[in-house]
Amino acid sequence: MGIKFMAFGRELFIHDTVINSWIIVIALSIFALVVNSKVKKAKVDEKPKGLLNVVEIFVGLVQSLVKSTMGTGPTRDRLMPYIGTLLLYIACANLSGLLGVSPPTSDYNVTLALAIITFTLTQYYGIKTNGIGGYIKGYFDPNPVMLPLNIVGELSNPISLSFRLFGNILSGGIIMSLVYEALRYISPLITPALHAYFDIFSGLVQTFIFAMLTMVFVGGNLPDEEGI
């Protein structure tokens, strides 16, 4: 599956997971514009209804999750929109398997890109909080002998983060394909329960784990802002 086209005299191919990823991004962008429009029209003295009520509950959950994992402070507040966006995108990507399409998170390029964003944020806040000298010094703690292990440990975080999400979603898709192929006409009797587990339960659990690990990795390098 995917799109093949000719450009500059060469045949190029866009994988369907990339197309599905862009569809999810566009859908979430439209959703954000709709919510923004409703928020502007909402009255402050009235209780939110319908879609705004759902969005308010989600925002409250994200705020609670960030505060309980990373603490409180201006820097944590600025990271809340990113964590919320990460939860929405990965959840939609994992659940898209229910529509019979390839989930974007079953493509390692997608999960690696998400993990690299987390890794970049971790290093950025590590340098910003500790200064370049303190950041480099951290690799020599508790003694210089630990330098190679500290470097390997830091580089292993994005690899393990990306492989965990990619492996779980891809393996679920492979198992479902095998079940459909093996059972054929009687597969509708078995597959709903398997879809509930692999696409919904496992998909949402992996979304939560990815977001939690991102907050743990980034939160470990944030400045102490308690009481600000």
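The following dialogue sets features of this predicted model against the definitions behind their names.

Modeller: The model is predicted, so local features require pLDDT of at least 70 and side-chain atom pairs count only at pLDDT 80 or more, while totals for chains, interfaces and linings use all residues. Residues are numbered from 1 along each chain as its sequence is written, and side-chain values use heavy atoms, with hydrogens and water left out.

Biologist: What makes up the protein chain, in helices and strands?

Modeller: The chain has six helices and two strands, in the order β-β-α-α-α-α-α-α from the N terminus. Helices (H or I, at least four residues) and strands (E, at least two) are DSSP runs, numbered from the N terminus. The C-alpha trace spans about 60 × 55 × 45 Å along its principal axes.

Biologist: Why is Ile 3 called partly exposed?

Modeller: Buried means under 20% relative accessible area, exposed over 50%, and partly exposed in between (1.4 Å probe, protein chains only). Ile 3, in strand β1, has a relative accessible area of 40% and is therefore partly exposed. Of the 228 residues in the chain, 32% are buried.

Biologist: Which residues form the nonpolar patch on the surface?

Modeller: Among them are Ile 3, Phe 5, Leu 12, Trp 22 and Leu 51, and the patch has about 950 Å² of accessible area together. β1 (2-7), β2 (10-15) and α1 (16-41) each give two or more residues, and α1 supplies the largest share, seven residues. Patch members must have over 30% relative accessible area and no salt bridge; nonpolar side chains (Val, Leu, Ile, Met, Phe, Trp, Tyr) are joined within 5 Å, and like charges within 9 Å. Accessible areas come from the Shrake-Rupley method with a 1.4 Å probe, and for residues only the protein chains shown count as cover.

Biologist: How do you know that Glu 181 forms a salt bridge with Arg 184?

Modeller: A salt bridge is a side-chain nitrogen of Lys or Arg within 4 Å of a carboxyl oxygen of Asp or Glu. The closest N and O atoms of Glu 181 and Arg 184 are 2.8 Å apart, so the pair meets that definition. The structure holds one salt bridge. Side chains of opposite charge can pair when their charged atoms come close. Glu 181 is partly exposed, at 48% relative accessible area. Arg 184 lies in the loop between α5 and α6 (187-219) and has a positive phi of about 50° although it is not a glycine.

Biologist: Why is Pro 144 called exposed?

Modeller: Pro 144 has a relative accessibility of 58%, so Pro 144 counts as exposed. Its place is in the loop between α4 and α5 (147-183). Pro 142 is found in the loop between α4 and α5 as well, and a cis peptide bond joins Asp 141 and Pro 142, with omega of about -5°.
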